[in-house]
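We will then walk through it together, one piece at a time.

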Amino acid sequence: MTAAIELTDLRKSFGPTEIIRGVNLTIEKGERHAIIGPNGAGKSTLFHLISGRYNVSGGSVKLHGENISNLPPYEIYRKGLSRSFQVTNIFPNMSVFENVRCGLMWVKDYKYSFWHLVDRQRELNERTAEVIEEIGLTSRQHIPAGVLTYAEQRALEIGISAAGGADAIMLDEPTAGMSHSETDQAIELIRKITDGKTLVMVEHDMGVVFDLADRISVLVYGEIIATDTPENIRNSKAVQEAYLGAEAEE
Amino acid sequence: MSEITKTASPVASRPLLKTLTPWIGFLILLLALPNIFSSNVGLYTMNLMGIFIIFALSYNMLLGQGGMLSFGHAVYFGLGGFMSVHFMNYIEDGDFTFPMYLIPIFGGLIGLVFGIIIGSFSTRRAGTVFAMISLGVGELMAASSLIFVAFFGGEEGVSGDRTTGPELMGINFGQDIHIYYLIAGWVFVTVALMYLFSRTPAGRMANAVRDNAERAEFVGYSQRKVRFVSFCASGFFAGIAGGLFALNFEIVTEENLNALTSGTVLLMAYIGGVGFFIGPIVGAVVFTLLQSILSNYTDIWQLYVGILFVLTVMYVPQGLTGIIVMHTAAWRMRRIGLLVLPYLRAGIPALAMLTGIATFLETIHHMRSSVEGETAMSLMGVDFDSHGIVTWIVILALVVVGGYLTRSQLPQLRDAWEMANKPPAKAEGAGS
């Protein structure tokens, strides 16, 4: 079985500074994988490399065995990898309903059509309503996304990313800035929408990580120092030193 | 599950009649207008309005819907006009037979072709890059219109004759009223098409790319292609507007594709409100009215339009339509009455101030442009001396007193606005 995502000696430099310094990582299909590490370790950069926001400086990214390095983001999305953003990244002037529908149109094969009327596409709209129901925003669906509360915007962010039913979903700090109860809801939501799919997430909240992840990778200064089950990572001395040491320095 | 279908249904199957009502109203309005304003000036103004409505709406497909600020939209309008006037001449010469009323199709096609050519490289980025390219292309076209004389006719342009085509039920478009109904028909069809375009996946994604181009790429859409589709459609409709211009005026010149016309359409769309579909329609109507009515009274009407534009950009970026929409909340709660008196209290001194400013501008203009030694002038039926001390005291008094009183009335206007837009008491009770 080919891995869902396979990174081989992946590198990224900005000018003379190398941020990602040769990452090798294999994420299996259906796995829930968390990437943790101190601030500035390059977690978000790694996400941007996989999802096509940045071009890679060296090495390769494979999705289901196919090389996707340096493809534009929309090509990667079409191949079945969808992502959310650490900083909420939605369509602020459009309604919640439209935001989710935008995340569905390509996969429903509407492409750049100017001969379908979106409001008349029953299946598209029903699926949109289902996704909105799942993220719990049904009562808010007609208001502009820009006026939602922070937690609601985070839920919408996940909703847009997951709406298209991509096989692999990457979530960049999905619970950042949430209260305890909001975080619990977010975990439930993530569990629900990623059922049977490959999930890669960056997360600072260790509660969330140990709750959700099947395996954890620890990224420190652009290198993965360990990939293992939550249990082993928790007990690993090397991880504790590198991670907590770096954390203490801040 | 029942809730899902319930929430999905209002979008999916809105009652057809409700959807169609505004369109039927629009059609009736278009048919009724020439019976209300039947004078030649009225028809002339309405014809121009119709052409500008299509032009401004096509422009808003770029600016309002797609987030592309273009300084060269007149290129497609002008090319559409030239193409159409050439085809009018081919028909006149008997080179081929084609109904005259469908001529704007050719305008639309050349707009589309140039939209494809220019859009293929200019839609790569939005923002400053796009704006600069559009400006460059606009200048390029305006310059080449004086070089390629065979197509553009040089300084005097190209003229045609719309009455030479095959007659349609005895109508050869010799009369203004005929051309009015022709333009009205095209306006109705193109406005409907442009509205429908905004409701297609391409139109929705244009909004999404405008809002957040990067995010659109992560849901599978290339921002460049989304812009490209809108750009081509916009060129097509601008070309149709140009074709109607050619039919209406029977002459097209370089002026129709230069920067001035590009600026005009930006002005119209913005004054009307780029955030609303009907905004550019409002803008085109207001602009044409200002142009044709104000220009009867004053030489410096363009200055007033410019001031209106600057004030819109500074204080009401949502445009005139935005001002109307702002009042819908108060209207629904039946509290609009609360605003009448405060508006009058602030409006009357504001009007005095504006009168003072306008008189100042007119008097200065008269001093600069009148015959040497002539100081008597007339403004809205009032005769006075442009060098007289009384004149200047009145101007100063109007501006200063009007300005002061307007300012003093603003707090009560603000309070009244708060009152009128307060959420209903019932909702407050339920909330607490």
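How many residues does the contact take from chain B, and how many from chain A? In this predicted model, 31 residues come from chain B and 38 residues from chain A. The elements of chain B that give two or more residues to the side touching chain A are α1 (2-12), α8 (176-198), α9 (201-211), α10 (213-217) and α11. Of these, α9(B) gives the most, with eight residues. Sorted by class, the side of chain B that touches chain A holds 16 nonpolar, seven polar and eight charged residues.

Now step back and take in chain B as a whole. Chain B contains 19 helices and four strands. Its C-alpha trace spans about 80 × 70 × 45 Å along the principal axes. Chain B is divided into domain 1 (8-321) and domain 2 (328-431). Taken over C-alpha atoms, the centres of domain 1 of chain B and domain 2 of chain B are separated by 33 Å.

What happens on the inside? Chain B has 432 residues, and buried ones make up 41% of them. If you consider contacts in chain B between residues at least 6 apart in sequence, 79% of these join residues at least 24 apart. The largest nonpolar core has 168 residues, and those that touch the most other members are B:F52, B:I53, B:I54, B:F55, B:A56, B:M205 and B:A241. Helix α11 (residues 223-249) of chain B supplies the largest share of this core, with 16 residues.

Leaving aside neighbours within four places in sequence, B:I54 is in contact with B:V187, B:T190, B:F237, B:I240, B:A241 and B:L244.

Next, follow chain B to helix α15 (residues 319-326), where the buried residues are B:G319, B:L320 and B:T321. What covers the buried residues of α15(B)? The cover includes α12 (259-272), α13 (279-297) and α14 (301-315) of chain B.

B:G154 has 14 other C-beta atoms within 10 Å, so it is partly exposed. Apart from neighbours within four places in sequence, B:G154 is in contact with B:L146 and B:V149. From C-alpha to C-alpha, B:G154 and B:G319 are 37 Å apart in space, and they are 165 residues apart in sequence.

Let us cross over to chain A and look at a pair of helices. Two packed helices are described by the angle between their axes and the distance between the axes. Helix α5 (residues 150-163) of chain A and helix α6 (residues 180-193) of chain A pack at an angle of about 10°, with their axes 11 Å apart. Because of that angle, α5(A) is roughly parallel to α6(A). On the α5(A) side, the contact is made by A:A151, A:R154, A:A155, A:I158 and A:A162. On the α6(A) side, A:E182, A:A186, A:L189, A:I190 and A:I193 take part. By class, the residues of this contact divide into eight nonpolar, no polar and two charged.

Most residues other than glycine have a negative phi. A:D9 is not a glycine, yet its phi is positive, at about 45°. A:D9 sits in strand β1 (residues 5-14) of chain A. Is A:D9 buried or exposed? A:D9 has 11 C-beta neighbours inside 10 Å, so it counts as exposed. A:Y221 is another residue other than glycine with a positive phi, near 45°. You will find A:Y221 in the loop between β9 (215-220) and β10 (223-228) of chain A. With 16 C-beta neighbours inside 10 Å, A:Y221 counts as partly exposed.

Our last stop is A:A3, in the segment before β1 of chain A. A:A3 counts as partly exposed because it has 17 C-beta neighbours inside 10 Å. Which residues is A:A3 in contact with, leaving aside its neighbours within four places in sequence? They are A:T26, A:I27 and A:E28. A:A3 and A:K43, by comparison, are 40 residues apart in sequence and 20 Å apart in space, C-alpha to C-alpha.

Key: Residues are numbered from 1 along each chain as its sequence is written. Chains are lettered from A and ligands numbered from 1 in the order in which they are written. This is a predicted model: local features need pLDDT of at least 70, side-chain atom pairs count only at pLDDT 80 or more; totals for chains, interfaces and linings use all residues. A residue is buried if 20 or more other C-beta atoms lie within 10 Å of its own, exposed if 12 or fewer, and partly exposed in between; C-beta atoms are placed from the backbone. Two residues are in contact if their C-beta atoms, placed from the backbone, lie within 7 Å. A nonpolar core is a set of buried Ala, Val, Leu, Ile, Met, Phe, Trp, Tyr and Cys residues joined through C-beta atoms within 7 Å. Domain bounds come from an automatic or database domain assignment. Ala, Val, Leu, Ile, Met, Phe, Trp, Tyr, Cys and Pro count as nonpolar, Asp, Glu, Lys and Arg as charged, and the others, Gly among them, as polar. Axes are lines fitted to C-alpha atoms, for helices over the stretch in contact, and angles run from 0 to 180 degrees between N-to-C directions. Angles under 35 degrees count as roughly parallel, over 145 as roughly antiparallel, 65 to 115 as roughly perpendicular and the rest as oblique.
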